[in-house]
Amino acid sequence: MSTTLNPLNNNTSTNSSQKIAKKLSKSKQFDYTFKIVMIGDSGVGKSCILLRFADDKFNENFYATIGVDFRFKNIIVDDKSVKLQIWDTAGQERFKTITSAYYRGADGIIIVYDITDRNSFAHIKDWLDDVNKYTDDNPLKIIVGNKIDLIKDKQINENDMKTMTAQTGIEILECSAKDSIKINDLMEIMTKKLIEKKKNEGNKNNTKGMDLNDFNKKNVQNNNNFCC
Ligand SMILES: Nc1nc2c(ncn2[C@@H]2O[C@H](COP(=O)(O)OP(=O)(O)OP(=O)(O)O)[C@@H](O)[C@H]2O)c(=O)[nH]1
Ligand SMILES: [Mg+2]
């Protein structure tokens, strides 16, 4: 449910600052927060993957996404609490200008193709070109072949996948939003890799995507150094 603030209501600013304060105090409970963006051709199943992950539901009907949509989901990975903000973008070309604006600041990008559709696999390189064009800080990428429940119609074989990984350096996973195969694994693998990446980067000043426990420890140490 969304909330609209009423500018005519005198209590609005108090209410909204209370809400923000509440949100901030809640966000402190998380060790990490990550922004993940899903891209790929229209119809490959991006929205269904998100629906399965967020609500454990599936929709047989195809409602093409208009622009972008997003969901939050909190998970625990390796004893760390993680808040995932997942953006589901429209695959249709006509929304490219809007959707590409959301790539910026992404910690992770999931490029989805349909295992029964060779074109969607061939277009992965175009999607990767877009990612390089619209992002500055080299987000972590995973390629995902969806609709593995339709294995008898599979058009992308092991060799195709190996070649793609060799050419792009990006790992490929297969999943099914319909049969709920490897959807949670996909998000968990992505999150583990993001945590690993952040640790390796030793992000010093930015708490976004860093372990807040490490950050707090460092701040205590720094404060001690400044003492007297
Ligand atoms: N068999 C099967 N069908 C799926 C699966 N995932 C999605 N679909 C179907 O594929 C169609 C498209 O799914 P969406 O999730 O809307 O596709 P999308 O990638 O979000 O498309 P855009 O929003 O236009 O970019 C729908 O009819 C879904 O029911 C799957 O794992 N298996
Ligand atoms: Mg969609």
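The shell around ligand 1 consists of 11 polar, 8 nonpolar and 5 charged residues, where Ala, Val, Leu, Ile, Met, Phe, Trp, Tyr, Cys and Pro count as nonpolar, Asp, Glu, Lys and Arg as charged, and the others, Gly among them, as polar. The model is predicted: local features need pLDDT of at least 70 and side-chain atom pairs count only at pLDDT 80 or more, while totals for chains, interfaces and linings use all residues. Residues are numbered from 1 along each chain as its sequence is written, and chains are lettered from A and ligands numbered from 1 in the order in which they are written.

**View 1. The surroundings of ligand 1.** Ligand 1 is surrounded by 24 residues, the closest being Ser 42, Gly 45, Thr 65, Gly 91 and Lys 178. A residue is near the ligand if its C-beta atom, placed from the backbone, lies within 6 Å of it. Helix α2 gives the most to this shell, with 3 residues.

**View 2. The whole protein.** The protein has 8 helices and 6 strands; helices (H or I, at least four residues) and strands (E, at least two) are DSSP runs, numbered from the N terminus. Their order from the N terminus is α-β-α-β-β-α-β-α-α-β-α-β-α-α. Of the 228 residues in the protein, 29% are buried. A residue is buried if 20 or more other C-beta atoms lie within 10 Å of its own, exposed if 12 or fewer, and partly exposed in between, with C-beta atoms placed from the backbone. Among contacts with a separation of 6 or more, 72% are between residues 24 or more positions apart; a contact requires C-beta atoms, placed from the backbone, that lie within 7 Å.

**View 3. The sheet.** The 6 strands form an open sheet of mixed pairing, in the order β2-β3-β1-β4-β5-β6. Strands β2 and β6 are at the edges, and each pairs on one side only. From one strand to the next the twist averages 25 degrees, with axes taken as lines fitted to C-alpha atoms and angles running from 0 to 180 degrees between N-to-C directions. Two strands pair if DSSP finds at least two bridges between them. Strands β2 and β3 run antiparallel and are joined by 10 bridges; Asp 69 has Asp 88 in β3 as its bridge partner. In a regular strand the side chains alternate between the two faces of the sheet.

View 4. Helix α2 (residues 46-55) has 7 of its 10 residues buried, so it is largely enclosed by the rest of the structure. These buried residues are Lys 46, Ser 47, Cys 48, Ile 49, Leu 50, Arg 52 and Phe 53. An α-helix has 3.6 residues a turn, so residues three or four places apart point the same way.

View 5. Strand β5 is mostly covered, with 5 of its 7 residues buried. Strand β4 runs parallel to β5 and is joined to it by 7 bridges; Tyr 113 has Gly 145 in β5 as its bridge partner. Strand β6 (residues 172-174) also pairs with β5 in the parallel sense, over 3 bridges, and Ile 143 stands opposite Ile 172 in β6. Together β5, helix α6 (residues 158-168) and β6 make a right-handed β-α-β unit. A crossover is right-handed if, with the strands pointing away from the viewer, the path from the first strand over the helix to the second runs clockwise. Of the 11 residues of α6, 1 is buried, so the helix lies largely in the open.

**View 6. Two aspartates with positive phi.** Asp 56 is not a glycine, yet its phi is positive, about 55 degrees. Asp 56 follows α2 and is found in the loop between α2 and β2. Asp 56 is exposed, with 10 other C-beta atoms within 10 Å. Asp 78, also not a glycine, has a positive phi of about 50 degrees and lies in the loop between β2 and β3. Asp 78 is exposed, with 11 other C-beta atoms within 10 Å.

**View 7. Phe 95 in its loop.** Phe 95 lies in the loop between β3 and α3 (96-100). Phe 95 is partly exposed, with 17 other C-beta atoms within 10 Å. Apart from neighbours within four places in sequence, Phe 95 is in contact with Gly 67 and Ala 90. Phe 95 and Val 68 are 27 residues apart in sequence and, C-alpha to C-alpha, 8.8 Å apart in space.

Definitions and conventions
Contact = placed C-beta atoms within 7 Å.
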